[in-house]
Amino acid sequence: MAAVVTLGFLVALEFAARHHGTPGPITLQVREVVHAPKSGGLLYAAMALMTVVLTWRERFIAVGAAIGVDLAFLLVRWAVDADTAGGHPFGNGALWVTLGAAVVAVTRRTGPERVLLLKGVGLALLLMAGRKTGDTWLLITSKTRPTVLDQYVATADHALGNPSWLAGRIVEATGPVGFNFLDFVYGNLAVAAVVAALYQLRHVVAERRFPRHHLVRTFLVIGLVGPAFYMIFPVVGPLFAYGTGTEHWAAVSLWAPDMPPSEAWAVANLWPGTLPPAGTPQPMPFDGITPRNCMPSLHTAWATAIFIHTRGGPRLLRFAGTFWLVATLCATLGFGYHYGADLIAGVVFTLTIEAALRSYDRGWDRVGIRLAAHGTAVFTAFLLSYRWLPLEMARYPWVAGPLLLLATASVVHGYVRTTAQWSRSTAPVRQPEPQPEPA
């Protein structure tokens with residue numbers, strides 16, 4: 001059922017993208033069988049995720065085959081002088097190996113072994129297609145939402161002290177080193193998620209089954225549900241609505257995105273030097289290119305999911321999860337991609353999804369339903385207040401700001417308390433050690 005629903009969703013996005021004159025996620029993914037991939041690192045990370053169902057011997061064969069295929073593609077492109085057209089010169093091999101594993105599962109495996117291998121291939125392909133799906137969603141938001149609500153969020157953000165403006169000045173002060181370091185962390189969020197997921201799924205090959213709940217599952221649900229709110233609450237971010245767009249970072253960025261200038265659509269060139277006015281907000285028209293991908297911040301949501309799922313790992317993994325969350329928050333604010341209001345909405349969004357997924361695994365017990373309902377209510381209250389009460393929030397920041405933070409903290413506290421209760425209820429009972437008996 002999950003496979004059918006996912007396929008239907010991808011087909012629907014394919015038709016929607018074709019309607020707007022661009023190839024959809026299925027076409028873009030199929031092209032990478034031959035063409036230079038947009039992200040070779042992501043393809044290898046996805047293949048690594050697939051190898052959790054393989055033995056060590058099979059893993060070495062898979063990695064060797066992927067590298068061999070990439071070397072063959074590299075030689076052919078060099079021989080015919082083919083341009084990568086902005087893509088990566090590697091990654092095709094990982095996709096070929098993943099597809100080859102699917103063929104092996106269908107033709108050479110039977111029963112549970114076939115199902116297990118197909119599950120591994122499915123997770124890898126979903127992670128690969130997730131990037132294409134996200135790109136298509138962003139295109140649809142820019143084409144179907146001609147006006148954005150940035151003035152509302154920027155006004156409401158006065159209650160939080162306009163953190164994006166402060167973080168933007170700090171990142172500017174760090175120069176090219178600080179910017180590109182955060183940019184690398186920000187751009188490799190999916191790779192970090194795969195590393196955490198590999199630890200969670202390390203026993204799959206021995207136990208011959210996947211755990212009930214793991215990071216990849218949460219990641220995919222966030223990516224599936226989150227973009228729907230981009231359509232409901234379209235926001236482009238302070239860098240675009242109150243700045244010069246990506247041109248602002250062109251002088252220091254090593255991987256500057258190729259986007260047309262958007263300054264003509266901005267309210268004014270205010271970010272990050274001058275705080276936005278707290279006047280009456282209005283919907284504002286914006287170009288048909290810039291994604292409306294701010295509310296909620298899915299980068300924050302995904303980084304929060306990584307943080308949650310690394311809590312049960314070793315110290316190094318816990319440190320990495322904490323680092324990735326903090327660095328992602330600094331990047332989303334410091335680059336001008338998000339307002340502070342987006343970030344707290346992203347945190348509540350992730351905890352609500354995590355609560356719902358874990359409650360579903362437990363059979364929808366009362367505590368889980370209450371936690372998911374509480375998170376949904378807080379997230380809904382955030383969106384309604386940003387849209388209908390931004391001026392009041394800006395006028396009384398010492399009231400609205402603490403209320404926003406307390407509401408977020410209530411969801412965090414409820415999640416920590418509930419999951420701790422679940423852990424105690426499912427912990428194995430310690431058996432008494434056998435005692436010596438007299439002969």
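Predicted model: local features only at pLDDT ≥ 70, side-chain atom pairs only at ≥ 80, totals over all residues.

**Loops and backbone**

Colleague: What is omega for the peptide bond from tryptophan 271 to proline 272?

Modeller: Most residues other than glycine have a negative phi, and most peptide bonds are trans. A cis bond is also found from methionine 295 to proline 296, with omega near -5°, and proline 296 sits in the loop between strand 2 and helix 13. The bond from tryptophan 271 to proline 272 is cis, and its omega is near -5°.

Colleague: Is asparagine 162 buried or exposed?

Modeller: Asparagine 162 is found in the loop between helix 7 (150-156) and helix 8 (163-187), and it has a positive phi of about 50° although it is not a glycine. Buried means under 20% relative accessible area, exposed over 50% and partly exposed in between, with a 1.4 Å probe and protein chains only. With a relative accessible area of 4%, asparagine 162 is therefore buried.

Colleague: What is the relative accessibility of arginine 208?

Modeller: Arginine 208 is placed in the loop between helix 10 (204-207) and helix 11, and its phi, near 60°, is a positive value in a residue other than glycine. Arginine 208 counts as partly exposed, because its relative accessibility is 34%.

**Helix pairs**

Colleague: How are helix 11 and helix 13 oriented to each other?

Modeller: Axes are lines fitted to C-alpha atoms, for helices over the stretch in contact, and angles run from 0 to 180 degrees between N-to-C directions. The axes of helix 11 (residues 215-232) and helix 13 (residues 298-309) come within 10 Å and cross at roughly 160°. Angles under 35 degrees count as roughly parallel, over 145 as roughly antiparallel, 65 to 115 as roughly perpendicular and the rest as oblique. Helix 11 and helix 13 are therefore roughly antiparallel.

Colleague: Is the crossing of helix 15 and helix 16 left-handed or right-handed?

Modeller: These two helices, with helix 16 covering residues 366-388, pack at an angle of about 155° with their axes 8 Å apart, and helix 15 and helix 16 are therefore roughly antiparallel. A crossing is left-handed if the near helix is turned anticlockwise from the far one by less than a right angle, and right-handed if clockwise. The crossing of helix 11 and helix 13 is right-handed, whereas that of helix 15 and helix 16 is left-handed.

Colleague: How many charged residues does the contact of helix 8 with helix 14 have?

Modeller: The axes of helix 8 and helix 14 (residues 315-334) come within 7 Å and cross at roughly 120°, and the two helices are therefore oblique to each other. Contact means heavy atoms within 4.5 Å, and the residues that meet include Phe181 and Leu182 in helix 8 and Phe323 and Trp324 in helix 14. Ala, Val, Leu, Ile, Met, Phe, Trp, Tyr, Cys and Pro count as nonpolar, Asp, Glu, Lys and Arg as charged, and the others, Gly among them, as polar. By these classes, the contact of helix 8 with helix 14 has 13 nonpolar residues, five polar ones and, of the charged kind, none.

**Core**

Colleague: Which residues have the most contacts inside the largest nonpolar core?

Modeller: A nonpolar core is a set of buried Ala, Val, Leu, Ile, Met, Phe, Trp, Tyr and Cys residues joined through side-chain atoms within 4.5 Å. The largest one has 71 residues, and those with the most contacts inside it are Phe335, Phe382 and Tyr386.

Technical notes. Residues numbered from 1 in each chain as written. Heavy atoms only, no water. Helix = DSSP H or I, 4+ residues; strand = E, 2+ residues; numbered from the N terminus.
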